[in-house]
Amino acid sequence: MIHTHIAEILCVKPKTKKTKKTKTMEEDVKNKKTKKTMKIEGEIVVMKKNLLDFKDTMASLLDRIHELLGRRVSLHLISSLQPDLGIRSFFYSTRLHTYPNEKRGRLGKAAHLEKWVTKIKTSVTAEETAFGVTFDWDESMGPPAAFVIKNHHRSQFYLKSLTLRNFPGGEGGAIHFVCNSWIYPSHRYRCDRVFFSNQAYLPSETPELVKELREQELKNLRGEEKGGELKEWDRVYDYAYYNDLGAPDKGPDSARPVLGGSLEFPYPRRGKTGRKPTKSDPKSESRLALLNLNIYVPRDERFSHVKFSDFLAYALKSVTQVLVPEIASLCDKTINEFDSFEDVFHLYDGSIKLANGHTISKLRDIIPWEMFRELVRNDGERFMKFPLPDVLKQSRSAWRTDEEFAREMLAGLNPVVISRLKDFPPKSNLDSAKYGNQNSSIREEHIEPHMNGTSVQEALEQNKLFILDHHDALMPYLTRINSTNTKTYATRTLLLLQEDGTLKPLAIELSLPHAQGESHGSVSKIFTPSEKGVEGTIWQLAKAYAAVNDSGYHQLISHWYVFELQTHAVIEPFIIASNRQLSVVHPIYKLLHPHFRDTMNINALARHVLINSDGVLERTVFPSRYAMEMSSSIYKSWVFTDQALPKDLLKRGVAVEDPSSDNGVKLLIEDYPFAVDGLEIWSAIKTWVTEYCSFYYKNDRTVQTDTEIQSWWTELRTEGHGDIQHESWWPSMQTRDDLIETCTIIIWIASALHAAVNFGQYPYAGFLPNRPTVSRRFMPEPGTKEYTELEESEEVAFLKTITPQLQTLLGISIIEILSMHSTDEIYLGQRDSPNWTADDEPLEAFKRFGKSLEVIENNIIRRNNDKRLKNRTGPVNIPYTLLYPNTTDYTREGGLTGKGIPNSVSI
Ligand SMILES: [Fe+2]
């Protein structure tokens, strides 16, 4: 028996029965061993498959989890001290080769699941089950370093952990193996599933007998020998271009350019699926049917947890399956208009009866009843009843004030764009040979009347002028964007920092390409604040055009539609490279892994239904079919190292260097909620990462000689972000500081930055007039019908300009789903297992990290209650909690809480 298992761990399945010769040798080896055998008691925790996975017939099998008892699941411990002196044999070129395999630890005897110890309820619906398991172990084999598990049952189960209870020398007699992995029936794998104990090792410090296993496991994950379409049980991490967004077989309108792999459309890589190319374009990958949500991602990257993931998947499915076609057909006919803001408010009191019976029955067909009830939220009679967005909770009109408009640039859902104005008038960086003069035409006389008595020159000198500048990002696309149904300007908004710390909008410039062609420069109009009459209405519209730009930018760039280029898309290559190049026992893998949870899965879902051709993004955000192209063009200027918060703030000129402060910067807008809370969190992450890395890396040389770190970094740069690999800003990864800064940035992006731009979506944009995603017509000119309408009713004019009703419904349905916290969220400063490492010092450092986040939580509450800090709550009275870590919260509340920093980009 031992012989067979050894061979399989090495991924070489013996093809014949054992020869008499090898049997004798095996017995010989056995006899040489010391026979002092001890019993090791263990506990193995498994989870049955998703309770709500209705459509999967295998699920019912796993409900009977006792079927795992008996000999259906076997486990072997692997020695860390004694080499395997057995004989490895395999056929090669028809000859039998045999030789001792001394590179790997000896295997213990097979053990099986015994009694069902207990059911552990860990979340709303996930039930974990613990089984006892007893190992016969030869004492001279020392502590086990790993174990092998084989599943001879007919379906998969989720293996959480194995704990050995009474092992002499283990911490408190316990040795922990944290697994968190789906175990499919053995015939699905070429190699046995191996799990290592929770001890971290740098590659050079790995015990000799573990090295080969460590390397083999990485090879498995790279899937070097795996071709063709990847299957559900595969664990392969590899890179691919974004070539699965279009559907060229449906016709040229549904084709989209391949993003990634070219100078024209550079893009970060996504996870490979291995699906076949399309018929009409060999460079594009074929897509799955929309109803099929089983897009390949490595198995353990798929939501391991229950209810919420299903809810998300079904919700996305229902919205895209039912609402999208509905909207498509209705948009061609008469579009229903909201007649007044009161009309819009009805969305939240359930009095809009939008969907007809046909729509409801279509929905019922595609989603399980339990899900349907949650989505519809009542008896199905009335379809749309949305929760009241925070922005309306205290007042129905505060959102329209200039103060709130400006405040949301510091504390809203996209607080990462505003910058300090250094030159007046604002300049463009667009190529003047191609785009002509694109500089701003705003002059002193436009803004000085609104500047509380300060001159432009004084305000510049005192660092009081700021700008929300979307001009350069938008202008090159406007001709194409405006050839669709949307009518969009490129905008610049100028703001003054006032004595009380709030920002005051001074002017909004709306620009279009020159009618005679782009090279003739831009044609601009400038609007300034006004409260009453037609001017007041026009000013509200100007703010709406600026908000449309900011929504598009937020969705595409800060949040790649509801998916940030700067978070979702740029993180995926780090996940792929980490799994391919860093062993699970590598300390940096252990550090980063929690920050990668669910990201590949949500990104895959997004490619499937949100950012694809004709998907939700194209239907709800103004750049329409050019959306992803624009996102690619912004990626050209993406700088990983500038994502470090202090650097980002310096680059935008909203902070200056200050060696006396902890973060090295001083904010020029002191009451900038995102930046104030963000800097505290940045520092806490950096301290934690520094302490952790310094435990394993005593000097720079340890980083230079860490073979896994070096291959990880090379591959991340040359493959994962291959299109921009030659940029000079890439850290060289030769020093410990490089490693610390890099890991801090990765954790910052995946946790806090994502939370800041994700979970405020529904609170602020759930009421679309506050954050319109589309403008349908240009600013009315005097003498036109539209102008008369505008004179007669501000609300009608406003609502006829911004996102129409059905798109609004689609948009807010999606952002509601995507603004929700999961019921099993793991927040920054929390880990899914207390035994994630065996090293005490890192565990202590992690506790300190949690404590510092708790302090930050209290600081945030205190600041939100400080009436002097006007930007913390603003006219709408929403306290800034988007960067409230929620580390102390284990209630697993979930939903639209508007607070909490999950460890990873999980939605
Ligand atoms: Fe997100």
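Reader: Thanks! Which residues have the most contacts inside the largest nonpolar core?
Author: Cys-743, Trp-748 and Leu-883 do, in a core of 173 residues. A nonpolar core is a set of buried Ala, Val, Leu, Ile, Met, Phe, Trp, Tyr and Cys residues joined through C-beta atoms within 7 Å. Domain 2 (307-390) and domain 3 (401-554 + 769-802) each supply at least three residues to this core, with bounds from an automatic or database domain assignment. This is a predicted model, where local features need pLDDT of at least 70, side-chain atom pairs count only at pLDDT 80 or more, and totals for chains, interfaces and linings use all residues. Residues are numbered from 1 along each chain as its sequence is written.

Reader: What does Trp-748 touch, beyond residues up to four places away in sequence?
Author: Trp-748 touches Leu-645, Trp-682, Ile-685 and Leu-753; contact here has C-beta atoms, placed from the backbone, within 7 Å.

Reader: New topic: where is His-520 found?
Author: His-520 is in the loop between strand E17 (503-513) and strand E18 (522-527); strands are DSSP runs of E, at least two residues, numbered from the N terminus.

Reader: Which residues is His-520 in contact with, leaving aside neighbours within four places?
Author: Gly-436 and His-514. The C-alpha atoms of His-520 and Ala-433 are separated by 9.5 Å, with the two residues 87 apart along the chain.

How values were computed: Buried ≥ 20, exposed ≤ 12 C-beta atoms within 10 Å, placed from the backbone. Contact = placed C-beta atoms within 7 Å. Helix = DSSP H or I, 4+ residues; strand = E, 2+ residues; numbered from the N terminus.
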